[in-house]
Amino acid sequence: TLDNRRYFALDVTDDIEVLLLGANSTDTYFPRRALAAAADADRALHVDSGLFSDLDRGSLETTDVLFLCNLRHLDAERTRVVQDFVFGGGGLVIFPGPLADLSYMNRELLPPIMAATILQARIKRPQQLDADGRLHPLFDGLLAGDAADQPTFESWFEIAGGEDLVPLACFAN
């Protein structure tokens with residue numbers, strides 16, 4: 001009878017639906033390849049891709065995580081669709097392109113979703129992630145091995161935000 005006093009329900013999803021969108025198919029190429037490799041190992045992960053022009057409420061009905069790849073700008077209607085998707089519990093990953101309209105992102109897209117500001121693009125000597133500990137557990141075991149095989153970043157955006165923002169990964173330097 002002791003174990004009948006308290007209970008909880010835990011809903012474990014059978015599928016994770018990921019949608020990658022870009023202005024063209026080359027915008028989603030690398031994330032699509034990386035996620036397709038992960039989907040081969042985990043049958044619960046389903047990856048689909050398309051174009052920003054296809055983005056509407058219907059395209060997100062079964063989506064759990066939305067990736068906006070090489071994002072520059074979305075019109076007002078698509079911006080609202082993305083915001084409503086996040087408000088409804090959907091996950092959002094944004095990969096701004098080098099020609100991203102940061103004014104749009106900082107004034108229209110991000111404020112209702114999170115207290116963050118994307119600063120100017122940084123293009124310096126190539127950077128690698130800090131594989132020695134300043135990574136989210138999501139990356140456990142992913143960056144092990146030879147340093148020459150690690151992902152290298154030629155450019156990136158700095159983000160300024162509130163105290164609740166915690167980076168998933170940091171650069172080694």
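This report describes the elements, surface and selected residues of a predicted model.

## Basis of the model

Local features in this predicted model need pLDDT of at least 70 and side-chain atom pairs count only at pLDDT 80 or more, while totals for chains, interfaces and linings use all residues. Residues are numbered from 1 along each chain as its sequence is written, and side-chain values use heavy atoms, with hydrogens and water left out.

## Overall make-up

The protein chain holds three helices and six strands. Read from the N terminus, their order is β-α-β-β-α-β-α-β-β. Helices (H or I, at least four residues) and strands (E, at least two) are DSSP runs, numbered from the N terminus.

The protein chain has 173 residues, and 27% of them count as buried. Buried means under 20% relative accessible area, exposed means over 50%, and partly exposed lies in between (1.4 Å probe, protein chains only). The accessible surface of the protein chain is about 11800 Å², and carbon and sulfur atoms make up 53% of that surface. Such areas come from the Shrake-Rupley method with a 1.4 Å probe; for residues, only the protein chains shown count as cover.

Among contacts in the protein chain with a separation of 6 or more, 72% are between residues 24 or more positions apart. A contact means heavy atoms within 4.5 Å.

## Strands β3 and β4

Strand β3 (residues 65-71) and strand β4 (residues 91-96) run parallel and are joined by six bridges. Two strands pair if DSSP finds at least two bridges between them. Between β3 and β4 the chain passes through helix α2 (residues 76-87), in a right-handed β-α-β crossover. Right-handed here means that, with the strands pointing away from the viewer, the path from the first strand over the helix to the second runs clockwise.

Leu71 is opposite Pro96 in β4. Asn70 is part of strand β3. Its phi is near 55 degrees, a positive value in a residue other than glycine. Asn70 counts as partly exposed because its relative accessibility is 23%.

## Asp84 in helix α2

Helix α2 contains Asp84, which counts as partly exposed because its relative accessibility is 24%.

## A nonpolar surface patch

Met114, Ile159 and Leu165 form a nonpolar patch on the surface, and their accessible area together is about 250 Å². Patches are made of residues with over 30% relative accessible area and no salt bridge; like charges are joined within 9 Å, and nonpolar side chains (Val, Leu, Ile, Met, Phe, Trp, Tyr) within 5 Å. A salt bridge is a side-chain nitrogen of Lys or Arg within 4 Å of a carboxyl oxygen of Asp or Glu.

Leu165 sits in the segment after β6 (152-161). With 33% relative accessibility, Leu165 therefore counts as partly exposed.
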